[in-house]
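Thank you for making time for this.

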Amino acid sequence: MSRFFSEELNVDIDDPAYAENGTSKGKRLPCYLQKVDVPTVIRMLKALWECREAIRMQAKRAESVKNAEVRLLSLIKKLEGKSDAAQPTGQPPKPAFDRPRLLALRSDLLGFTKLRAQRKGYSLEACRGDHARAERRAIARARNVA
C-alpha cells in the first residue's frame with residue numbers, strides 16, 4: 001500500500017498523521033480519507049480503480065462485484081456534487097517527495113558526467129563539504145536542544 005500511495009499519488013501513507021487510529025492498512029486508509037480534501041479522495045479512488053482493473057484484466061477474471069463501475073462512478077458523482085452525504089473536508093495531503101528538488105538533484109548528478117575528471121573531483125569534494133557542514137550544524141542544534 002505504501003508503494004502504491006507514494007508512486008501513484010505522491011503521498012506518504014505511513015506518515016504518523018494517518019496512524020491516529022492504528023498503524024494497520026485498515027486503520028490508516030480511513031484516517032487518510034477523513035483528513036484529505038474531496039479532490040484527493042476522488043483521485044485516490046480513480047487510481048485504485050485503475051489498479052484493480054489492471055490486475056483483474058491481467059488475471060482474466062470476470063467482474064465479481066455487481067455493478068462495480070456504476071457504483072464507483074455514483075460515489076464519485078456524490079463526492080463531486082453538492083449532495084448531503086458526509087464529505088471529507090480536509091486539506092490536500094503533504095507530498096511524499098519534493099519532485100522539483102529531486103529533478104534538480106538528478107540534473108546536477110547527470111551534470112557531473114559531463115565534467116572532466118579533475119573538475120569532477122573538485123565538485124564532489126565541494127558537495128561533500130557542504131554536506132559535512134550541514135551535518136555539523138544539525139548536531140550542534142541537537143546538542144543545544146538537549
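I will begin with the ground rules, then go through the helices, the core, the surface and the salt bridges.

What you see is a predicted model, in which local features need pLDDT of at least 70 and side-chain atom pairs count only at pLDDT 80 or more, while totals for chains, interfaces and linings use all residues. Residues are numbered from 1 along each chain as its sequence is written, and side-chain values use heavy atoms, with hydrogens and water left out.

Let me start with α2, residues 25-35, where Arg28, Cys31 and Tyr32 are buried. Helices here are DSSP runs of H or I with at least four residues, numbered from the N terminus, and buried means under 20% relative accessible area, exposed over 50%, and partly exposed in between, with a 1.4 Å probe and protein chains only. Seen down the axis of α2, the buried residues fall within an arc of 105°, so they line one face of the helix; that arc is taken from the directions from the helix axis to the C-beta atoms. The face turned away from this buried side carries Gly26 and Gln34, both exposed. What do the buried residues of α2 pack against? Their partners are α1 (2-9) and α3 (38-58), where contact means heavy atoms within 4.5 Å.

Helix α1 has buried residues of its own, namely Phe4, Phe5, Ser6 and Leu9, and just after this helix Asn10 takes a positive phi of about 55°.

That brings us to the largest nonpolar core, which has 19 residues, and in which Phe5, Leu9, Tyr32 and Leu45 touch the most other members. By nonpolar core I mean a set of buried Ala, Val, Leu, Ile, Met, Phe, Trp, Tyr and Cys residues joined through side-chain atoms within 4.5 Å. The elements that give two or more residues to this core are α1, α3 and α4 (68-80), and α3 gives the most, with seven residues. If we leave out residues up to four places away in sequence, Leu45 touches Leu72, Leu75, Ile76 and Leu79.

Leu102 is found in helix α5, residues 99-112, and counts as partly exposed at 44% relative accessibility.

Finally, the charged pairs. A salt bridge is a side-chain nitrogen of Lys or Arg within 4 Å of a carboxyl oxygen of Asp or Glu, and by this rule the count comes to seven. One of them joins Arg3 to Glu7, with the closest N and O atoms 3.0 Å apart; both lie in α1, four residues apart, about one turn of the helix, and Arg3 is exposed at 61%.

Which residues are linked in a network of salt bridges? They are Arg52, Glu53, Arg56 and Glu63. Within this group, Arg52 meets Glu53 at 2.7 Å between the closest N and O atoms, and Glu63 meets Arg56 at 3.6 Å, N to O. Arg52 is partly exposed at 28%, whereas Glu53 is buried at 15%; likewise Glu63 counts as partly exposed at 32%, whereas Arg56 is buried at 13%.
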